[in-house]
Amino acid sequence: MIRKIFLTTVALSFALSAHAFELGVVAFQMSAETHARVANTVEAAARERGWDVTVLNSNGTLPTHAEQIENLIQRGVDGIVLAMSKPVEFDAQFAAAKEAGIPLITVLSGASPHALFDVQVNEYGVGADAALYLLGQIGYEGPILTQRFESNVGTRIRGKVLDIVLSENTGVEVVGSHSMARTKSWRDDVRNGMQALILQNAGNFKGIWASFDGQAFIIDDILAAQNMAKGDVALVSIDGGTEAYRRIKDPASMMTATVAIPFEAMGEAAVDAMERIAVGGESKEAITAGPYLFMNAVLVDAANVDRFLD
């Protein structure tokens, strides 16, 4: 009887300790599908472990993001995961988390000396895959349009790699480019900017490069409204996901390809690492030696999209 009570007490102790871990999750802009995919996966993976989870949405505003990180630190959470954060802009908040002894892991945000590491894809490779695929679709010759976003490190790198590729392939000319300036109302920003470019350059572009899929969906809808058919132009972007794959498969869509980033796997990796370090006591170096934990991306087009739809 005493042994039974002891074992029950131990089991309850383990259960309570598992539930005691509190994870704070902040996504910079949950209206962006990719941010939501990371945050939702992190939440689900943490709850599967019996953790208490607080998920916050910064709605694309810098002051809100800073305040939410600060609030989590003041609450004394056991760990923080940030989706698509901005380490340079929030260096003070990252430093405060480190000072408070709170392990912080970011996803697709860029490196920080105050974070354990950033779960990331090789954005230089991702950018090269998208750029070279687009140029291949137009025979490395002719005019293109580009839709950029300079305020995120990943999309900014993709654009820089595109520029390098273009510098070596002078038969391709950028005849129009729009840079997304707003984050809170980014859809309207992209729609207004690209609609104007498409109308100004009607009949004078063979391809369109977008820095992420959400932009490409808006562009795709604009092209459809202009009665364009699949194959009239090549539309290539980056991120991957059900909607991108559906459009690549859809004969009425202009979407040609995307470089698929494993957002769900990255969210799971962040939680797994948090458990190993914050709960299991492992060192950060046991997971990755540098400031990044890299995962692989893959190009998806008509040739392999069925595998991803399944």
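Guide: For the charge count that follows, Lys and Arg are taken as positive and Asp and Glu as negative, while His and the chain ends are left out. On that basis the protein carries 24 positive and 37 negative side chains, and the centres of these two sets are 3 Å apart. The model is a predicted one.

The protein contains 11 helices and 12 strands, and its C-alpha trace spans about 80 × 40 × 35 Å along the principal axes. Of the 310 residues, 51% are buried. Among contacts with a separation of 6 or more, 71% join residues 24 or more positions apart.

Turning to the part requested, the structure holds five aromatic pairs. One of them joins phenylalanine 21 and tryptophan 51, with 4.3 Å from centre to centre and 40 degrees between the planes, a tilted arrangement. This pair links distant parts of the chain: phenylalanine 21 belongs to the loop between α1 (2-20) and β1 (22-27), and tryptophan 51 to the loop between α2 (33-48) and β2 (52-57), 30 residues apart. Phenylalanine 21 counts as buried because its relative accessible area is 8%, under the limit of 20%. Tryptophan 51 has a relative accessibility of 5% and is therefore buried as well.

A second pair consists of phenylalanine 149 and phenylalanine 212; their ring centres lie 6.4 Å apart with the planes at 65 degrees, so the pair is edge-to-face. Phenylalanine 149 is placed in the loop between β6 (142-148) and α6 (153-167), and phenylalanine 212 in the loop between β8 (207-210) and α8 (213-225), so the pair ties together parts 63 residues apart in sequence. Both phenylalanine 149 and phenylalanine 212 are buried. Together with Trp186, Phe149 and Phe212 form one aromatic cluster.

An aromatic ring also takes part in an arrangement with a charge: the charged end of lysine 86 sits over the ring of phenylalanine 28, 4.9 Å from the ring centre.

The surroundings of tryptophan 51 can be followed through alanine 46. Not counting residues up to four places away in sequence, alanine 46 touches Leu23, Trp51, Val53 and Val271. Alanine 46 is located in helix α2, and it counts as buried because its relative accessibility is 0%. The C-alpha atoms of alanine 46 and aspartate 272 are 8.7 Å apart in space, although the two residues are 226 residues apart in sequence.

Two further sites complete the account. Isoleucine 102 occupies the loop between α4 (91-99) and β4 (104-107) and, at 6% relative accessibility, is buried. Its C-alpha atom is 5.4 Å from that of glycine 79, a residue 23 positions away along the chain. Beyond four places in sequence, isoleucine 102 touches Ile73, Val77, Asp78, Gly79, Ile80 and Ala97. Arginine 247 is part of helix α9 (residues 242-249) and counts as buried at 8% relative accessibility. Leaving aside neighbours within four places in sequence, the contacts of arginine 247 are Phe217, Asp220, Asp221, Lys230, Ser253 and Met255.

Notes:
Residues are numbered from 1 along each chain as its sequence is written. This is a predicted model: local features need pLDDT of at least 70, side-chain atom pairs count only at pLDDT 80 or more; totals for chains, interfaces and linings use all residues. Side-chain values use heavy atoms; hydrogens and water are left out. Helices (H or I, at least four residues) and strands (E, at least two) are DSSP runs, numbered from the N terminus. Buried means under 20% relative accessible area, exposed over 50%, partly exposed in between (1.4 Å probe, protein chains only). Contact means heavy atoms within 4.5 Å. The place of a charge is taken as NZ of Lys, CZ of Arg, CG of Asp or CD of Glu. Rings of Phe, Tyr and Trp (its six-membered ring) pair if their centres lie within 6.5 Å; planes under 30 degrees apart count as stacked, over 60 as edge-to-face and the rest as tilted. A charge sits over a ring if NZ of Lys or CZ of Arg is within 6 Å of the ring centre and within 35 degrees of the ring normal.
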